[in-house]
Amino acid sequence: MAEIRWGMIGCGDVTEVKSGPGFQKAPHSRLVAVMRRNGKLAEDYARRHGVPKWYSDADSLIADPDVDAVYVATPPAFHKDYAIAAARAGKPVYVEKPMALTFADCEAMLDEFQSKQIPLFVAYYRRAMPRFLKVKELLDGNAIGAVRFVQVSQYARPSEKDLAKALSWRVDPQIAGGGYFYDMGSHTIDFLDFLFGPIDKAQGYASNQAGLYAAEDTVAGSFVFKSGLQGAGTWCFAAPYDYEAVEIIGEKGRLIVSMFANLPVRLITGAGEEQFMIEHPAHVQQPLIETVVNELLGLGNCLSSGITGARTNWVMEQMIKRIDR
């Protein structure tokens, strides 16, 4: 194969800038077909993005002989069925995060892909973004010495839509698996897996403090990696202000990185503070898409897999054991 020709299931907001153009701009990659249940919207997306084919049903896209691999860009409730359908057609899949609605769904997906010996990738794209690779480089270079602890903090004010109860699928557990913790916190948990390896133990509590939607809006948890490194996190999406950071504490200093804001990576040691400002790429998923394409072409290894994606779902489930207020 000289290139990978992609079919995309789902044409929502994430595909407009973050991911869709990345399949067009990555070397040896083309987006050749898109699907949305509303055919007019699928046709509109295809026209605007220069995609030659569009469909209103997923089976037709998956069966298209011009489609080599499938990108599943729907909400999590639909990931398992679409991914398994592609696997049964013999086609690799790159699926949006979180990998599925539940860890059990992740296991079903893994079983199918492993039985067919077909690769499955998950869109935890921070693993390949330059700013986050800088954090790994600093850790690998012993910039803060042995890591002692990891602290995650994410606080956000409710959006105007949340306050108006004009609810998004992202806060409907039947569609998203959870709330904003599932949608956003999953990125952080996966990034920590990338830096420090699998989390072996996790526990936590979740509650709905503001009552704006059905999903949890507050989560507090702790976790232990297989290496023995410990960490803790607090996520509150009903706070009076916005703040988020991952703080990695080492024997000689600390690293602070924002998972979502375009802020510098901060290295703080006894010698002072050094900052590394590395802008996000125009299409944030493109660097990871490039590693997926390279693996499919036998040119390298992808940084994210179905196995790593399933681990993140497992950790999240351990941490959202709901308690009443």
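A residue counts as buried under 20% relative accessible area, as exposed over 50% and as partly exposed in between (1.4 Å probe, protein chains only). The model is predicted: local features need pLDDT of at least 70, side-chain atom pairs count only at pLDDT 80 or more, and totals for chains, interfaces and linings use all residues. Residues are numbered from 1 along each chain as its sequence is written, and side-chain values use heavy atoms, with hydrogens and water left out.

Rings of Phe, Tyr and Trp (its six-membered ring) pair if their centres lie within 6.5 Å; planes under 30 degrees apart count as stacked, over 60 as edge-to-face and the rest as tilted. By this rule there are 14 aromatic pairs. The rings of Trp-6 and Tyr-94 are edge-to-face, because their planes stand at 70 degrees, with centres 6.5 Å apart. Trp-6 belongs to strand β1 (residues 4-9) and Tyr-94 to strand β5 (residues 93-95), so this pair links distant parts of the chain, 88 residues apart. Helices (H or I, at least four residues) and strands (E, at least two) are DSSP runs, numbered from the N terminus. Both Trp-6 and Tyr-94 are buried. Trp-6, Phe-23, Tyr-71 and Tyr-94 form one aromatic cluster.

Tyr-180 and Phe-237 make a tilted pair, 5.6 Å centre to centre, with 50 degrees between the planes. Tyr-180 lies in helix α10 (residues 180-196) and Phe-237 in the loop between β10 (230-236) and β11 (243-250), so the pair ties together parts 57 residues apart in sequence. Tyr-180 is buried at 14% relative accessible area. Phe-237 is buried too, at 5% relative accessibility.
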